[in-house]
Every structure is written in C-alpha cells, then in structure tokens.
Amino acid sequence: MIQRTIWPSLISHLDAPTITLLVGPRQSGKTTLLRLIQQYLEKHTHRPVLFFNLDVTDDERHFTSQTALLHRVELEFGQGNPGVVIIDEIQRLPDAGRFLKGIYDQNLPYKLIVSGSGSLELKEKIGESLAGRKRLFELYTISIQEFIDYKTAYKYTGNLKKWATLEPEKARLLLLEYLNYGGYPAVITSSTNQDKKLIIREIQESYLIKDIVGLLNLERGDSFRLMLSLIASRIGQLTNISSLANEIGITSETLKRYLWYAEKTYIIKRIAPFFTNPGKELLKSPHYYFIDMGFRNFLLQQTGLLSQTSQIGMVFQNFVWLLLQRHFADSFVDIHHWRSKDQAEVDFIVKIGLSVLPVEVKAGNLSAPKISRSLHSFLKTYAPSEAWLIHTGDSFNHQIGNTLVCFKSWKEFL
C-alpha cells in the first residue's frame with residue numbers, strides 16, 4: 001500500500017462538521033483512500049459507516065432523491081443516530097452540488113465524505129453549491145516523495161533527503177523511473193514495464209472516452225488527443241493559440257475550450273507569464289505542463305525510453321514544476337514563467353506576496369556556479385534577494401550582487 005502524505009489532513013477533518021470533498025485525476029487513489037478512511041473509522045471510533053459507490057448500480061438506486069438516500073441511511077444507523085456517509089464517484093449524480101447541499105442544510109447528525117474524479121461538475125458546480133459547507137482536498141498522482149518512500153519500503157521515512165544523498169545512484173535510477181512512468185498508483189505497483197504501459201493506455205482511453213467525448217459532445221476525441229500530443233512535445237514552451245489551432249485543424253475558440261477542459265480535468269496546467277512592464281515583457285502566451293509525466297510520455301510513445309536523450313531536459317523541467325507546486329502547496333503563491341522581448345527567459349517565477357523568486361532548471365549535474373544570461377537579466381532587472389537553480393547534482397550557494405543564488409539538488413525537496 002502506497003502511503004499518501006494527504007492522509008493526516010484527511011483524518012484531522014473527520015471531526016469537522018463540514019463536508020470532506022476529495023477530488024483529483026482518474027486513478028489517483030481516491031477510492032483506496034476512502035476505503036482506508038472507512039477502516040480507520042470502524043477501528044478507532046464508534047461511529048457507524050455507510051459506503052456508497054455510484055459506479056455500482058445497486059448503490060446508485062438510493063440516490064433517486066434526497067429522501068430515498070436518507071431512508072437508507074436511517075435504516076443503517078437508526079433514526080436520529082449519528083454516522084458517517086461516504087459517497088464515491090459523486091460526479092455520476094446529476095446536480096450533485098444541490099443534492100448534497102440539501103442534505104447538509106438539514107443539520108442531520110451525519111458526517112459526509114465525498115469524492116470523485118476531476119470532472120467539471122465536481123470541481124466547479126459542486127464547489128459553488130457547497131460554499132462554506134465543505135473543505136476541498138485535491139489528490140494528485142503519487143509525488144516523488146511518496147514514490148521513493150514506497151520504493152524504499154518506508155525504511156527512511158522522514159530521512160529521504162539523507163538517503164538520496166548517501167545513495168546517489170539508487171536515487172538517480174528511481175528518479176529516471178519516475179520521469180518515465182509517472183505517478184499513477186496502479187502503474188507504480190505494477191511489476192513489469194509492459195504492464196505499466198498497458199495501465200497508462202487504459203487510463204488515457206478511459207479519460208478520453210468517459211470524460212472528454214461525453215463532456216464536449218464529440219463523436220471521437222481525435223482532435224483533443226492531437227492537442228494533448230502537441231502540447232506534450234512542447235512542455236515549457238510558449239503556446240501560440242492561433243498557430244496551434246491551425247496545426248490541429250480547429251478554430252482558436254475550440255482550442256481554448258479544449259485547453260480549459262484539459263486543465264479542469266487534471267491533465268495539464270497553464271502557467272501564465274510574469275510581467276510588471278508591458279512594454280518590455282510578453283503578456284499573453286502561456287506555458288503548459290502535465291500533471292503526470294507518465295500520461296505525457298505515453299502520448300508521445302516515449303514511455304520507458306527516457307534516459308540520457310534530449311527529451312529528458314523538458315521532462316525534468318515538468319518534474320521541477322511539480323516539485324514547486326507541492327513545495328509551496330500550503331503557501332499563497334503564484335507560479336509564472338518570464339520572457340522578455342529581448343528573448344531572455346526564466347523557467348519559473350514564484351510570486352510570494354510582493355517578492356519574487358526566480359527558478360531556473362538544469363537537467364545536468366552542476367558542480368560549479370554557472371548562471372545563464374537570461375537569469376542574469378532577470379536578477380539585474382528585479383534584484384530578488386534569492387534565486388534557485390534546480391539541477392541533478394549537489395546543493396551549494398553563490399552570491400551575485402545582492403542575490404543569493406541557491407543551486408539546489410532535486411533531492412532537497414524530498
């Protein structure tokens with residue numbers, strides 16, 4: 001069983017009266033977590049638990065109305081008695097937000113724990129309907145920290161950074177495996193590379209057929225798949241909407257709609273440009289990164305083939321974006337990219353309040369301070385107190401003017 005870092009936060013919310021809402025990509029481990037929560041409650045509390053899965057027809061029949069569900073719950077718990085109701089795959093329920101709001105507002109003695117895949121209904125409509133009535137937890141695919149913890153059999157939990165430093169070759173091989181196959185739990189626990197590929201293919205097909213074709217009312221998902229493949233080949237690069245639309249053979253408006261849906265269903269993430277001077281910096285063109293690199297690699301038929309090829313540089317950049325996302329998850333920050341009209345570029349700009357933290361990415365092992373002209377340009381323009389350069393080697397610092405440039409190993413984030 002892969003242990004998830006979100007677990008303590010979920011457990012601490014079990015006593016809160018608000019709804020626990022767990023969302024995320026398909027196959028990210030939501031149902032597994034719900035079953036573990038059920039086991040935890042049955043073992044450590046005296047509250048009865050009732051589990052519904054709306055992918056199961058026999059469970060679905062209890063959701064024809066709020067009254068029908070409450071009758072089933074009362075039968076299980078007894079009239080007026082408290083209990084925990086867990087509902088998986090809630091996105092299958094039409095107007096799920098209003099359904100849950102109606103139950104919650106009756107002030108019944110039931111704790112509601114709800115999950116579903118990152119469909120628009122779940123993320124947007126339910127979120128709006130349950131404003132002030134829920135806490136949203138987002139469960140992504142397995143992080144590099146969770147991955148290495150699992151692969152080392154939890155012998156070094158809390159000391160992964162030290163382990164990776166003392167075992168650099170083992171850490172390098174695990175990083176390569178993660179960069180190739182990504183973090184879907186079923187992929188990680190599969191024993192062969194062929195099985196891993198088959199599982200990723202099934203996840204992609206299920207996503208395109210169940211989520212995209214249905215949501216967009218498409219006969220087929222060919223143009224959507226082509227869009228994802230083209231973005232996969234250009235992660236971390238400027239995206240020109242008009243040019244990309246022409247390449248796919250769709251209108252710019254259709255492409256914008258596709259991109260919006262891909263982001264809302266936890267496949268890609270749009271990174272907007274950072275600027276303070278519109279006259280000198282580009283304003284419109286975003287970068288895109290993938291939530292899971294195994295998903296990205298399979299689109300390009302590169303699964304298991306990344307080692308020392310030229311492709312690993314951009315995949316490592318995608319990986320660092322994931323590191324930054326998780327590192328700053330509990331902080332109120334925005335992550336951007338920067339490019340001036342003079343073609344100077346910095347991979348990431350972390351905006352923290354009124355300060356900025358530039359972050360450059362190098363897939364190689366840097367043993368001496370080496371700063372790109374682009375990063376020099378940003379430091380000269382904005383004079384941040386600190387800058388990061390994340391690479392595959394060891395960590396060290398270098399002072400440039402008033403800026404401390406921290407050459408950080410990816411292992412620092414374990």
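**Figure 1. Buried residues of helix α7 in the predicted model.** Ile144, Glu146, Phe147, Ile148 and Asp149 of α7 are buried, where buried means under 20% relative accessible area, exposed over 50% and partly exposed in between (1.4 Å probe, protein chains only). These buried residues pack against α8 (160-166), α9, α10 and α16. Ala153 follows α7 and has a positive phi, near 55 degrees. Helices (H or I, at least four residues) and strands (E, at least two) are DSSP runs, numbered from the N terminus. Residues are numbered from 1 along each chain as its sequence is written, and side-chain values use heavy atoms, with hydrogens and water left out. This is a predicted model, in which local features need pLDDT of at least 70 and side-chain atom pairs count only at pLDDT 80 or more, while totals for chains, interfaces and linings use all residues.

**Figure 2. The crossing of helices α9 and α16.** The axes of α9 (residues 168-181) and α16 (residues 312-327) come within 10 Å and cross at roughly 95 degrees. This makes α9 roughly perpendicular to α16. Angles under 35 degrees count as roughly parallel, over 145 as roughly antiparallel, 65 to 115 as roughly perpendicular and the rest as oblique. Axes are lines fitted to C-alpha atoms, for helices over the stretch in contact, and angles run from 0 to 180 degrees between N-to-C directions. From α9, Leu175, Leu176, Tyr178 and Leu179 meet Ile312, Val315, Phe316, Phe319 and Arg326 of α16; contact means heavy atoms within 4.5 Å. By class, the residues of this contact are eight nonpolar, no polar and one charged. Ala, Val, Leu, Ile, Met, Phe, Trp, Tyr, Cys and Pro count as nonpolar, Asp, Glu, Lys and Arg as charged, and the others, Gly among them, as polar.

**Figure 3. Helix α12 and what covers its buried residues.** In α12 (residues 222-232), the buried residues include Phe224, Met227 and Leu228. Ser229, Leu230, Ile231 and Ala232 are buried in α12 as well. The cover over the buried residues includes the helices α11 (193-215), α13 (241-248), α14 (252-264) and α15 (293-299). The strands β6 (268-271) and β7 (287-290) are also included in that cover.

**Figure 4. The surroundings of Leu69.** Leu69 is located in helix α4 (residues 66-77). With a relative accessible area of 2%, Leu69 is buried. Apart from neighbours within four places in sequence, Leu69 is in contact with Phe52, His62, Phe63, Phe99 and Ile103. Leu69 and Ile103 are separated by 34 residues in sequence, and their C-alpha atoms are 9.4 Å apart in space.

**Figure 5. The largest pocket.** This pocket has a volume of about 1,700 Å³. On a 1 Å grid over the protein atoms alone, a pocket is an open set of points with protein on both sides within 12 Å along at least five of seven lines, a cavity is a set of points where a 1.4 Å probe fits but cannot get out, and lining residues have an atom within 4 Å of a point. Grid points are joined across faces, edges and corners, and a volume is the space filled by probe spheres set on the points. Of the 44 lining residues, Glu138, Tyr140, Gln325, Arg326 and Ala329 lie nearest the centre of the largest pocket. At least two lining residues come from each of β5 (134-138), α7 (144-151), α14, β6, α16 and β8 (333-339). Helix α16 gives the most, with eight residues. The lining of the largest pocket has 23 nonpolar, nine polar and 12 charged residues.

**Figure 6. The second largest pocket.** The volume of the second largest pocket is about 460 Å³. Its lining has 24 residues, of which Gln27, Ser28, Gly29, Lys30 and Thr32 lie nearest the centre. Helices α2 (30-44), α10 (185-188) and α11 each supply at least two residues of this lining, and α2 gives the most, with five residues. By class, the lining has eight nonpolar, eight polar and eight charged residues.

**Figure 7. The cavity.** The structure holds one cavity of 30 Å³ or more. About 50 Å³ of space lies in the largest cavity. Residues that line the largest cavity include Pro25, Arg26, Tyr184, Ile203 and Tyr207. Thr265, Tyr266, Ile267 and Phe295 also line the largest cavity.

**Figure 8. Two loop residues with positive phi.** Gln301 lies in the loop between α15 and α16 and has a positive phi of about 55 degrees although it is not a glycine. Gln301 is exposed, with a relative accessible area of 68%. Ala383 lies in the loop between α17 (373-382) and β11 (386-391); Ala383 is not a glycine either, and its phi is positive, about 45 degrees.
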